[in-house]
Amino acid sequence: DDSGAPDPATVENVLDVGTGEPLFSKFSYTDWALLALRYELHLLVRAFKKDVHDPERPGMHEGHLAFYYNRYFRKPLSLQAY
């Protein structure tokens, strides 16, 4: 735990947290992998909503997440990797 680290929710500029250092300067491989997964899930949800274009179905059931992830990104969703 790095008690001197800034709170990401309160940082106004992610490229400079006040010391001239970007917020992500100390990201590890795991941090980048989780960020990439979060972004891919964001894209998946937005694309699914646009493709379905049905007010009756605003999203997908979580049980279908792996299927649609594979369908949109052409790679399996392996949560064990995270």
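## A tour of the predicted model

The largest pocket of this predicted model holds about 350 Å³ of space. Select Ala5, Pro6, Pro22, Leu23 and Phe27: of the 14 residues that line the largest pocket, these are the closest to its centre. Colouring the lining by residue type gives eight nonpolar, three polar and three charged residues.

Next, select helix 1, residues 29–52, and helix 2, residues 65–73. Two packed helices are described by the angle between their axes and the distance between the axes. Here the axes come within 10 Å and cross at roughly 90 degrees. Angles of 65 to 115 degrees count as roughly perpendicular, so helix 1 and helix 2 are described as roughly perpendicular to each other.

To see the contact, show the side chains of Glu40, Leu41, Leu43, Leu44, Ala47, Phe48 and Asp51 on helix 1. On helix 2, the partners are Leu65, Tyr68, Tyr69, Tyr72 and Phe73. The residues of this contact comprise 10 nonpolar and two charged, with no polar ones.

Two backbone positions remain. Most residues other than glycine have a negative phi.

- Select histidine 53, in the loop between helix 1 and helix 2. Its phi is positive, near 45 degrees, although histidine 53 is not a glycine. Histidine 53 has a relative accessible area of 67% and is exposed.
- Move on to arginine 74, in the segment after helix 2. Arginine 74, also a residue other than glycine, has a positive phi of about 55 degrees. With a relative accessible area of 75%, arginine 74 is exposed; the cut-off for exposed is over 50%.

Notes: Residues are numbered from 1 along each chain as its sequence is written. This is a predicted model: local features need pLDDT of at least 70, side-chain atom pairs count only at pLDDT 80 or more; totals for chains, interfaces and linings use all residues. Side-chain values use heavy atoms; hydrogens and water are left out. On a 1 Å grid over the protein atoms alone, a cavity is a set of points where a 1.4 Å probe fits but cannot get out, and a pocket is an open set with protein on both sides within 12 Å along at least five of seven lines; lining residues have an atom within 4 Å of a point. Grid points are joined across faces, edges and corners, and a volume is the space filled by probe spheres set on the points. Ala, Val, Leu, Ile, Met, Phe, Trp, Tyr, Cys and Pro count as nonpolar, Asp, Glu, Lys and Arg as charged, and the others, Gly among them, as polar. Axes are lines fitted to C-alpha atoms, for helices over the stretch in contact, and angles run from 0 to 180 degrees between N-to-C directions. Helices (H or I, at least four residues) and strands (E, at least two) are DSSP runs, numbered from the N terminus. Angles under 35 degrees count as roughly parallel, over 145 as roughly antiparallel, 65 to 115 as roughly perpendicular and the rest as oblique. Contact means heavy atoms within 4.5 Å. Buried means under 20% relative accessible area, exposed over 50%, partly exposed in between (1.4 Å probe, protein chains only).
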